[in-house]
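Reader: I'd like to learn how to read helices and pockets in a model like this one. Can we go through it feature by feature?

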Amino acid sequence: MMIWVIIIGMALVTVIPRIIPAFIVDFIQFPDWVNKWLQAIPYAALGALIFPGIMTVVPDQPYIGVVAGIVAILLAWLRIHVILVVLSAILTVFLLTI
C-alpha cells in the first residue's frame with residue numbers, strides 16, 4: 001500500500017509542475033523581451049544536447065567534430081534542407097577520419 005502512495009505522490013509531483021504552466025500561460029501577457037527570451041530556449045537546449053556529442057565524435061581528435069559542427073551550422077544558416085545538413089556533417093566526419 002505504501003508503495004502505491006509513493007508512486008502516486010511522485011507522479012503528482014512530476015505532473016503538476018508540467019500542467020500548471022500550460023493553463024496559466026494563456027492568461028499571462030509577457031513583455032516582448034520575455035517572449036524573445038522564451039523563443040531562444042529550444043535553441044539553447046538543442047545546443048546543450050548536441051555540443052558534447054560534437055566534442056566526442058572522435059575522442060582523441062575533437063577538432064573533427066568541431067569542423068563538422070561548423071559545416072552543419074553554415075549549411076543550416078544557408079537554409080539547406082535539414083537532411084542534407086546532417087548528411088554533410090556525417091560526410092565531413094567520415095572524410096576527416098579516413
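Reader: Where does H2 have a kink?

Author: Keep in mind that this is a predicted model. The kink in H2 lies at Ile41, shortly before the proline Pro42, and comes to about 30°.

Reader: What does H2 reach from its first C-alpha to its last?

Author: H2 reaches 35 Å over its 24 residues, close to the 34 Å expected at 1.5 Å a residue.

Reader: On to pockets. What volume does the largest pocket have?

Author: General idea first: rolling a probe the size of a water molecule over the atoms shows where empty space is left. Here, the largest pocket has a volume of about 760 Å³.

Reader: Which helices each supply at least two residues of its lining?

Author: Helix H2 (32-55), helix H3 (62-77) and helix H4 (82-97). H3 gives the most, with nine residues. In total, 24 residues line the pocket, and Ile50, Gly69, Ala72, Ile73 and Ala76 lie nearest its centre.

Reader: How does that lining split by class?

Author: You get 20 nonpolar residues, four polar ones and no charged ones.

Notes:
Residues are numbered from 1 along each chain as its sequence is written. This is a predicted model: local features need pLDDT of at least 70, side-chain atom pairs count only at pLDDT 80 or more; totals for chains, interfaces and linings use all residues. Side-chain values use heavy atoms; hydrogens and water are left out. On a 1 Å grid over the protein atoms alone, a cavity is a set of points where a 1.4 Å probe fits but cannot get out, and a pocket is an open set with protein on both sides within 12 Å along at least five of seven lines; lining residues have an atom within 4 Å of a point. Grid points are joined across faces, edges and corners, and a volume is the space filled by probe spheres set on the points. Helices (H or I, at least four residues) and strands (E, at least two) are DSSP runs, numbered from the N terminus. Ala, Val, Leu, Ile, Met, Phe, Trp, Tyr, Cys and Pro count as nonpolar, Asp, Glu, Lys and Arg as charged, and the others, Gly among them, as polar. The expected span of a helix is 1.5 Å times one less than its number of residues. The bend at a residue is the angle between axes fitted to the seven residues ending there and the seven starting there.
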